[in-house]
Number of protein chains: 2
Amino acid sequence: MEKSEEKESKQCEDEVSHLALDIGGTLIKMVYFSSSSSSCSTSAQKNGSEKDGIDASSENLNYSFLSGRLHFLKFETKNISECINFISSKHLQHYADVLCSSSLLMDGIISNSYLLRGSVNPGYRDDDALANDKNIIKATGGGAFKFADLFKEKLGIVLDKVDEMSSLVAGANFLLKAVHHEAFTYMDGQKDYVQIDHKDLYPYLLVNVGSGVSMIKVDGDSKFERVSGTSIGGGTFWGMGKLLTKCKSFDELLELSRQGNNKVIDMLVGDIYGGTDYAKIGLTSTTIASSFGKAVSENKELEDYRAEDIARSLLRMISNNIGQIAYLNALRFGLKRIFFGGFFIRGHEYTMDTISVAVNFWSKGEAKALFLRHEGFLGALGAFMSYQKNGITDSTNQLMEQHSSMPKSLFCTGNGFDSSTHADTKDNGYIECKVQIRN
Amino acid sequence: MEKSEEKESKQCEDEVSHLALDIGGTLIKMVYFSSSSSSCSTSAQKNGSEKDGIDASSENLNYSFLSGRLHFLKFETKNISECINFISSKHLQHYADVLCSSSLLMDGIISNSYLLRGSVNPGYRDDDALANDKNIIKATGGGAFKFADLFKEKLGIVLDKVDEMSSLVAGANFLLKAVHHEAFTYMDGQKDYVQIDHKDLYPYLLVNVGSGVSMIKVDGDSKFERVSGTSIGGGTFWGMGKLLTKCKSFDELLELSRQGNNKVIDMLVGDIYGGTDYAKIGLTSTTIASSFGKAVSENKELEDYRAEDIARSLLRMISNNIGQIAYLNALRFGLKRIFFGGFFIRGHEYTMDTISVAVNFWSKGEAKALFLRHEGFLGALGAFMSYQKNGITDSTNQLMEQHSSMPKSLFCTGNGFDSSTHADTKDNGYIECKVQIRN
């Protein structure tokens, strides 16, 4: 866990009202909501529309909003016990106790909210209730299946499995609609934010680069299809990189790549053509003809290469390949916008630059690569948002439709968009938002 | 050089009338023609239409055919001196001496033939003539540029550069039109020859997997466009494989892969989902989710993995990726047939099987991967055939058009197609054929 996040979480330790997980092959991504620090100390003593941090909806008095923050955390899947300990430390069950025993809290603020549906203390329920999935955390990714027994055994929590692709799409749609300055292009070291017109969002291609890569054509809020993917993804970068460089972490490997020169190992067009290009077919002398191809002709062993150069070649190979396959799929379906998410990207400049160049090169400038600030948490956000399906009535859906530019059940407000979001990729950032609750 | 080829070549050592090169980043591919052994000892003592191994064309008496074989050889580009020594040993210049000094030979048999145009001994010409490209070998690939000076210095030969893509296409068209049982499918260990209807050959996608990969849409004899490619090719397999396994040759790496199990290092869908599949989107539990992804979560170093398993994962990753990108390009242009060539394939069963499965998987059975027996020599064959452009008159082109099902200037004849070709991937094979010459 990041230090800054740890400090932050302590402020409102008991206010972590809900949590969702995306348990992938390599990383566990977590999203949790905490009411804002100003409301931490006061929300239990107030009620109705005057409650600090809570605004009554002028349109429907049955609903209120709880101000707070969405937090983003990651753990390595192989260290899943750290994740379990973190959840345990957050006293989700303890908090549920308070909710259930406090009429004040139950009175129109938090209880009955879909956000708390999974936080009921098992001590207040019998085993049958538990068996009926009453004590749940929404979870997506393959690990929601694989580690279901572990969560039940260690925390008494049932992982309520949410479809992986649905979660990715819901998370991306939320970010693209609700969070200002979420999407941006990156070319030649230049980051340019792109404001998406909500009415013109669909269709787009969502490319989620996790351990592997999924490519999803998104046509609407819940209308999508996984059209492609590739096994050459973040797990390949990290796995191969670990074997080739002995580095200990993904971040270390990324840092190595920053200092490397891919020309040392990659065979360039100029290497084959004796320094000249192959202009007739648009290949310059610096175009990579064969990734790692130079290793064939040199009498060098692995130890003779710098880890930095290997990391750089590997990153470029994988980023370029993802960009190319994504473009080919966008082309196939006539999609002009390609959003890249997933933990592989990590806001890493060279990764984004390579993907952008690949999309630009293959599309001859017709298609654009776009990136998301909360790239790694699409699935976890989507799982988080799936709570609404269980706890919100039809009238809520109607309310949501009146805010059609916002995602269902989660609102990002604040004083204008600029101040409403705070994301720092170093500490995974957070999003200030208001969560709709049923009174 | 292969031993069997060496033995073969000695039989007709002086009969090597012509030679073309494809000098790639990793390998040099050579095609040369020798008149058949029966004509070796006799061709110099006969003339006219009675000459052994030579048939007069009934359609145009200005042209005859010389029986012989096309031979295929490869060298590693880093050992280019072996290639130069081989050419030197073939006495191309010496042979040219004979030609130029022998009126018998010059009389309607070999001399003036485009096939010999590059074999004139520089001793019979002054430097100006040399500078006029009179003493040439047709060569394609980047090395035709890179090593031009070396060939001039060592052999006094000018490499006449032939466009790489043109050569690949010309070579593929020749093989597909002239050589029976050249193309085949490979699925589940089953090799099925496909007879191509010459009138229905175009359009098709040609995927040449050399150090890098080129993908060319072929619409006609000389109508084509390089539409895509990838840097993840044969050089990547060999280069990465060398670094990861310390193997010494491409063949050794292929042999290792034959004995390996990719599940040891690749992260499968079942590994993420706890043994189950993700059937909703068509991913079985054995689908590779992340190539080399398992290396992330295991506390193993490179030395802890078997070289065989690494080679297998690498081969599968690259083959699958090539198959996928090829399919996406075929789809883009509505091409039903994809021919895979280039030295990466090497008739290796698992490589072909993986490419076939990838094309089949992504196209949902709509597209088919086809392979070529002389896969590695498309460029060299194409360069070989380009001699005709310099030495043949317009009347030849007319003649060729009368044999439109055959490639220009090169005829494969023999008693029926089956007996006319002999290819054994182990010794690179040869093709028995008749070469048209100008009387």
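A residue is called buried here when its relative accessible area is under 20%, and B:Phe184, at 3% relative accessibility, therefore counts as buried. The structure is a predicted model, in which chain B and chain A bury about 5,500 Å² between them. The points below take up the contact between the chains, one serine that takes part in it, the aromatic rings with the charges over them, and the cysteines.

**Contact between the chains**

- The contact takes 68 residues from chain B and 68 residues from chain A, and of the area of about 5,500 Å² that the two chains bury between them, 60% lies on carbon and sulfur atoms.
- On the side of chain B, the residues that lose the most area to chain A are B:Leu243, B:Tyr273 and B:Val296, which together make up 12% of what that side buries.

**B:Ser231**

- B:Ser231 is found in the loop of chain B that runs between strand S11 (224–230) and helix H10 (234–245), and with a relative accessible area of 7% this serine is buried.
- Leaving aside residues up to four places away in sequence, B:Ser231 touches A:Ile288, A:Ala289, A:Ser290 and A:Ser291 in chain A, and B:Ser211 and B:Thr236 in chain B.
- With A:Ser291 there is also a polar contact, made between the side chain of B:Ser231 and the side chain of A:Ser291 at 2.7 Å.

**Aromatic rings and charges over them**

- Over all chains, the count comes to 32 aromatic pairs; one of them joins B:Phe184 and B:Tyr193, whose ring centres are 5.9 Å apart and whose planes stand at 70°, so the pair is edge-to-face, given that planes over 60 degrees apart are classed in this way.
- In chain A, ring pairs link A:Phe184, A:Tyr193, A:Phe340 and A:Phe371 into a cluster, and, at another ring of chain A, the charged end of A:Lys161 sits over A:Phe145, 5.8 Å from the ring centre.

**Cysteines**

- A disulfide is a covalent bond between the sulfur atoms of two cysteines. A search of the whole structure finds 0 disulfides over all chains.
- A:Cys247 counts as buried at 2% relative accessibility, and B:Cys247 is likewise buried, with a relative accessible area of 2%.

Technical notes. Residues numbered from 1 in each chain as written. Chains lettered and ligands numbered in written order. Predicted model: local features only at pLDDT ≥ 70, side-chain atom pairs only at ≥ 80, totals over all residues. Heavy atoms only, no water. Helix = DSSP H or I, 4+ residues; strand = E, 2+ residues; numbered from the N terminus. Buried < 20%, exposed > 50% of the residue type's maximum accessible area, 1.4 Å probe, protein only. Polar contact = N/O pair within 3.5 Å; in protein donor to acceptor, adjacent residues only side chain to side chain. Contact = heavy atoms within 4.5 Å. Phe/Tyr/Trp six-rings, centres within 6.5 Å; stacked < 30°, edge-to-face > 60°. Lys NZ or Arg CZ within 6 Å of the ring centre and 35° of its normal. Disulfide = S-S within 2.5 Å. Buried area = accessible area lost by both parts, 1.4 Å probe.
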